[in-house]
Amino acid sequence: MRGGSSPQKAVQATVGEAYVTNVMLDFAGTFLVEIVICYAWVKLLHIKNARLFAIVYLGCLYGAVFLRNVVPTEARFIWLICFYVAWPFIMSADRPARKFFVVALVNIAIMMAEVLGSAFWIALTGLNRLDYDVARANLGAFFLTHAAHLFLLILLLLLLNQILSKGESEEENRGLRYFLWFPVTQALLVGLLLAIRQYLLPDSVELQDISCALMTLFAVANALMFLSMRSYSQKTREGQQALLLQGQLDEYLAEYQTLVGEVERASKLRHDLRNQVQLVKALAERGDYDAAREHVRELAAHVAVDPA
């Protein structure tokens with residue numbers, strides 16, 4: 001009995017040791033990366049409850065890593081969509097248009113770092129596949145690749161934060177609806193391409209080359225998009241400033257017209273007063289003092305009733 005059970009125990013021990021090693025490799029590749037991504041979500045999306053968001057986000061993703069060998073691929077894929085798209089969207093305090101915009105851009109940055117990290121791994125090892133056995137056989141290249149991937153991810157997210165922080169004006173936020181479709185379409189295309197490469201054609205060198213070329217194209221396209229957004233925002237501000245200046249000019253013109261009217265009325269009053277004085281003077285010179293006094297009383301009464 002003992003002799004028969006010994007090989008079985010040895011196999012179980014070997015499998016258990018391999019499973020722990022796999023989990024360790026998974027955590028080595030995702031632990032710091034997920035912390036950086038979680039911080040980026042909180043920073044870029046104005047998360048309503050950062051502590052709750054981080055606990056649920058990191059807890060669920062690390063749980064998925066720990067259970068990676070027992071969870072079906074389809075379930076892991078759905079899990080990633082939930083916590084890379086749905087959970088940040090739900091917890092953000094931003095307007096819906098900005099949520100879609102930022103979620104798409106962050107996912108593009110994540111996938112861009114992933115593609116460039118894969119290219120770095122291929123350049124180091126010449127291997128297109130990265131599984132547990134290959135990682136254990138190339139631990140130095142494995143850790144160097146993940147360090148480069150982490151560095152690229154931080155760099156891309158910092159750049160994205162810098163660009164978005166300069167575009168926090170109300171005019172640029174209102175203009176997001178004109179540019180929203182662009183990063184969302186990119187994220188869907190790249191996500192589909194990476195899913196095909198990850199789950200259907202993991203050994204395809206052509207897909208890796210296409211992914212790198214597509215990421216380069218999207219990087220240039222996004223730079224042009226942000227320049228267009230900045231130009232749109234500047235034109236919007238200039239238009240609003242022109243409307244404001246036009247309103248101020250109309251107010252100044254109205255005040256000028258009022259002032260001109262008052263000056264003309266004062267000139268008319270002076271002219272009328274001069275005529276009345278001449279009339280009173282003429283009456284006094286003729287000796288008709290009663291008529292002169294009567295005219296002065298009428299003039300005083302008129303001025304008291306209508307000062308204008």
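This is a predicted model: local features need pLDDT of at least 70, side-chain atom pairs count only at pLDDT 80 or more; totals for chains, interfaces and linings use all residues.
Residues are numbered from 1 along each chain as its sequence is written. Local features need pLDDT of at least 70 and side-chain atom pairs count only at pLDDT 80 or more, while totals for chains, interfaces and linings use all residues; side-chain values use heavy atoms, without hydrogens and water.

**Helix 2**

Helices are DSSP runs (H or I, at least four residues), numbered from the N terminus. Helix 2 covers residues 50–66, and its 17 residues should span 24 Å at 1.5 Å a residue, in agreement with the 24 Å between its end C-alpha atoms. The expected span is 1.5 Å times one less than the number of residues. Buried in this helix are F53, Y57, L58, L61, Y62 and V65, where buried means under 20% relative accessible area, exposed over 50% and partly exposed in between (1.4 Å probe, protein chains only).

**E34 and its partners**

E34 belongs to helix 1 (residues 2–45). Its relative accessibility is 8%, so E34 counts as buried. Beyond four places in sequence, E34 is in contact (heavy atoms within 4.5 Å) with Y57, L58, L61, Y62 and Y84. Its side chain also makes the polar contacts tabulated here; such a contact is a pair of N or O atoms within 3.5 Å, and within protein one must be able to donate a hydrogen and the other to accept it, with residues adjacent in sequence counting only if both atoms are side-chain atoms.

| Side chain | Partner side chain | Distance |
|---|---|---|
| E34 | Y57 | 3.1 Å |
| E34 | Y84 | 2.5 Å |

Y57 in turn touches E34, I37, C38, W41, F83, Y84 and W87, leaving out residues up to four places away in sequence.

**Nonpolar cores**

A nonpolar core is a set of buried Ala, Val, Leu, Ile, Met, Phe, Trp, Tyr and Cys residues joined through side-chain atoms within 4.5 Å. The largest has 44 residues, of which W41 and Y57 touch the most other members. Two or more residues come from each of helix 1, helix 2, helix 3 (73–91), helix 4, helix 6 (139–166), helix 9 (181–200) and helix 10 (205–285). Helix 4 gives the most, with 13 residues. Apart from this core lies another of 7 residues, including L25, W121, A135 and F142.

**L127**

L127 sits in the loop between helix 4 (96–125) and helix 5 (132–137). Its relative accessible area is 34%, so L127 is partly exposed. Not counting residues up to four places away in sequence, L127 touches W121, I122, V134 and N138.
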